[in-house]
Amino acid sequence: MNDDQLLRYARHILLDEIDIAGQQRLLQATALVVGCGGLGHAAAAYLAAAGVGRLWLADDDVVEASNLQRQVFFTPGDLGQPKAQVLAQRLAAQNPDIAVRALVQRLDGPQLQQLLGDCDVVLDCSDNFATRHAINQASVATRTPLVLGAATRFEGQLSVFDPRRADSPCYACLFPPGQAGDGACAVFGVFAPLVGMVGTAQASEALKLLLGLGGAPCGQLLLFNALAPAPQAWALARDPHCAVCGAAQGNDRP
């Protein structure tokens, strides 16, 4: 790191668990954020500020007036512009040390698998089950850790799925394909600060994975309620018969 970087990341470097070596790991890491809405805003902002060296942002949507209530990097002047492109520009300006790449498209299974093959972590900040299942399948196939976030009304969810671990469930263990319906905030509404609560928690878990720090909620589902004082945790078990990560699919992970 150069002198400017030592100054920028000084508060990380002061932490014994990170130090110079850990910050260098972040600068050399690659993270993919799928979804540039409220969750993606909060998650990507802290990944960028923390110095994740290559940050890829994927979203095929454009900025709408209803987004401004919670997607804080967008302004009225951005209406109609691609979300991924606008967010990438803002984050690149905030931290010129990193390379921010905008993917203005809805990623399919083969594209996700190709991208995740070059990533160290993926953050699911999407808002529909089809995309979530596609990300999960690519995560399992490439053994890329996945940090899941969701938010609607006053309630949010967070979990980490790490296919490098033999005991880790995957998203399909929790929600088998075809057994749940979408609950987008466009239908049910969402409390503005909730997306920040969940998105920053996603960034924290992603950074911990990149740094090799312990304590990730792998095998747990954290439930946030903006009207309650603290999140709740529910244990998750890997389903040996899971259609995605089960042993029948060749994913026994000995």
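This is a dialogue on reading the features of one predicted model.

Trainee: What should I know before I start?

Mentor: The model is predicted, so local features need pLDDT of at least 70 and side-chain atom pairs count only at pLDDT 80 or more, while totals for chains, interfaces and linings use all residues. Residues are numbered from 1 along each chain as its sequence is written, and side-chain values use heavy atoms, with hydrogens and water left out.

Trainee: How many helices and strands are there in the chain?

Mentor: Helices (H or I, at least four residues) and strands (E, at least two) are DSSP runs, numbered from the N terminus. Here the chain has 10 helices and 8 strands.

Trainee: What does the radius of gyration say about the chain?

Mentor: The radius is taken over C-alpha atoms, and the globule rule is 2.2 Å times the number of residues to the power 0.38. For 254 residues, a compact globule would come out near 18 Å; the chain has 18 Å, so the two agree. The C-alpha trace spans about 50 × 40 × 40 Å along its principal axes.

Trainee: How much of the chain is buried?

Mentor: Buried means under 20% relative accessible area, exposed means over 50%, and partly exposed lies in between (1.4 Å probe, protein chains only). By that rule, 50% of the 254 residues are buried. The chain exposes about 11,700 Å² (Shrake-Rupley method, 1.4 Å probe). Carbon and sulfur atoms supply 52% of that area.

Trainee: What share of the contacts joins residues 24 or more positions apart?

Mentor: Contact means heavy atoms within 4.5 Å. Take the contacts with a separation of 6 or more: residues 24 or more positions apart account for 64% of them.

Trainee: How many charged side chains are there, positive and negative?

Mentor: Lys and Arg count as positive, Asp and Glu as negative; His and the chain ends are not counted. Each charge is placed at NZ of Lys, CZ of Arg, CG of Asp or CD of Glu. The chain has 17 positive and 23 negative side chains. The centres of the two sets lie 1 Å apart.

Trainee: How do I check the length of a helix?

Mentor: The expected span is 1.5 Å times one less than the number of residues. Helix α10 (residues 192–211) has 20 residues and should span 28 Å; its end C-alpha atoms are 30 Å apart, which agrees. Helix α5 (residues 83–94) has 12 residues and reaches 17 Å, close to the 16 Å expected.

Trainee: Which residues of α5 are buried, and what covers them?

Mentor: Start with the general idea. An α-helix has 3.6 residues a turn, so residues three or four places apart point the same way. In α5 the buried residues are K83, A84, V86, L87, A88 and L91. Their cover includes α4 (38–50), β2 (54–58) and β3 (99–103).

Trainee: Is α10 mostly covered or mostly open?

Mentor: Mostly covered: 14 of its 20 residues are buried. V198 is found in α10. V198 counts as buried because its relative accessibility is 0%. Setting aside residues up to four places away in sequence, V198 touches L39, G149, A150, G156, Q157 and F224.

Trainee: Where does a positive phi turn up?

Mentor: Just after α10, G212 takes a positive phi of about 75°. D19 has a positive phi of about 60° although it is not a glycine. D19 sits in helix α3 (residues 19–27) and is partly exposed at 37% relative accessibility. R143, also not a glycine, has a positive phi of about 60°. R143 is in the loop between α7 and β5 (146–152), partly exposed at 42%.

Trainee: What does T131 touch?

Mentor: T131 lies in helix α7 (residues 129–142). At 11% relative accessibility, T131 is buried. Beyond residues up to four places away in sequence, T131 touches V34, R106 and S126.

Trainee: Which residues does L79 contact?

Mentor: L79 is in the loop between β2 and α5, partly exposed at 40%. Apart from neighbours within four places in sequence, L79 is in contact with V63, E64 and A65. A65 lies in the loop between β2 and α5 and is exposed at 54%. The C-alpha atoms of A65 and T75, 10 residues apart along the chain, are separated by 8.8 Å. Those of L79 and A228, 149 residues apart along the chain, are separated by 34 Å.
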